[in-house]
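I opened the notebook to go through this structure piece by piece. The entries follow the order in which I looked things up.

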Amino acid sequence: MENTVSADPYVDVMLRVNGSARRLRLDSRVTLLDALRDELDLTGTKKGCDQGACGACTVLLDGKRVLSCLTLAAQCEGREVTSIEGLATDGRLHPVQEAFIRHDGFQCGYCTPGQIMSAVALLQEGRAGSDEEIREFMSGNLCRCGAYPNIVAAIREVAGRGSE
C-alpha cells in the first residue's frame with residue numbers, strides 16, 4: 001500500500017462568528033484574520049504588523065483575547081469568535097466602545113478595534129485594578145498616535161462602573 005499525501009490544501013471550517021454559524025472552505029494556512037476580512041467581509045479587525053507584535057488584530061476566541069494574525073482559521077473549528085463588529089447589542093455600543101468615545105481613546109483609529117477587544121477581555125479577566133495593571137495587560141496593543149492615557153481612562157471608567 002502506498003503512502004499518499006492529499007494534494008488538496010483546503011479544509012472545511014465551521015466558525016461561530018459574532019453569534020452566527022459560518023461554514024467556510026479555506027486553505028489550511030489561512031489565518032483567522034484573513035478569514036474574517038477576506039472571506040466574511042468583517043474588516044473592523046485590522047492587519048497591522050501581521051507578526052503578532054502590535055495587537056491591531058485582537059479578537060476574542062471563546063471569550064479570550066487572541067492575535068488573529070497568528071491563529072489559523074482551521075484551529076477555530078466550532079469555536080466562538082467575537083470581532084469588533086460583534087460587540088454592539090441591539091444597536092447599542094458596548095460600554096467600552098462608549099467609554100473610548102467619551103475619553104477620545106483613539107486618534108487615527110487604526111488600532112482602536114484591537115484596543116477595544118483587548119480592553120473588553122481584560123475587564124472580563126478582572127485585570128483593571130489600577131492604572132499600572134491596565135497598562136500591563138494592555139501592553140500587547142500598540143498605538144502609534146500615543147492615545148494611551150485616554151485608553152487607560154476609558155478602561156478605568158468602565159471598570160469603576162462594574163460594566164463589562
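**Helix α3**

I began with the length of α3: at 1.5 Å a residue, its 13 residues should span 18 Å, and the end C-alpha atoms are 18 Å apart, which agrees. I note here that the model is predicted, so every value in these entries is computed from predicted coordinates.

Next I asked how enclosed α3 is. I found 12 of its 13 residues buried, so the helix is largely enclosed by the rest of the structure. For burial I used the cut-off of under 20% relative accessible area.

As for placement, α3 (residues 112-124) lies across β3, β4 and β5 and runs at about 40 degrees to β3.

After the helix I checked Gly-126, which follows α3 and has a positive phi, near 70 degrees.

**The sheet**

I traced an open sheet of five strands in the order β2-β1-β5-β3-β4, with mixed pairing. Its edge strands are β2 (20-27) and β4 (64-67), each of which pairs on one side only. From one strand to the next, I get an average twist of 40 degrees.

I took one pair in detail. Strands β3 (residues 58-61) and β5 (residues 80-82) run antiparallel and are joined by two bridges. In this region I located Leu-60 opposite Thr-82 of β5.

I also looked for another helix on the sheet. Helix α1 (residues 32-39) packs on it, touching β1 (10-17), β2, β3 and β5. The direction of α1 makes about 105 degrees with that of β2.

**The two domains**

Last, I turned to the division of the chain: domain 1 covers 10-86 and domain 2 covers 95-158. I put their C-alpha centres 21 Å apart.

How many residues of domain 1 are in contact with domain 2? I counted 16 residues of domain 1 in contact with 16 residues of domain 2.

For the interface I recorded the lost area, since the size of an interface is often given as the accessible area lost when the parts come together. Domain 1 and domain 2 bury about 1,300 Å² between them, and 56% of that is on carbon and sulfur atoms.

Note on methods: Residues numbered from 1 in each chain as written. Predicted model: local features only at pLDDT ≥ 70, side-chain atom pairs only at ≥ 80, totals over all residues. Heavy atoms only, no water. Pairing = 2+ DSSP bridges. Helix = DSSP H or I, 4+ residues; strand = E, 2+ residues; numbered from the N terminus. Axes fitted to C-alpha atoms, helices over the stretch in contact; angles between N-to-C directions. Contact = heavy atoms within 4.5 Å. Expected span 1.5 Å × (residues − 1). Buried < 20%, exposed > 50% of the residue type's maximum accessible area, 1.4 Å probe, protein only. Domains from an automatic or database assignment. Buried area = accessible area lost by both parts, 1.4 Å probe.
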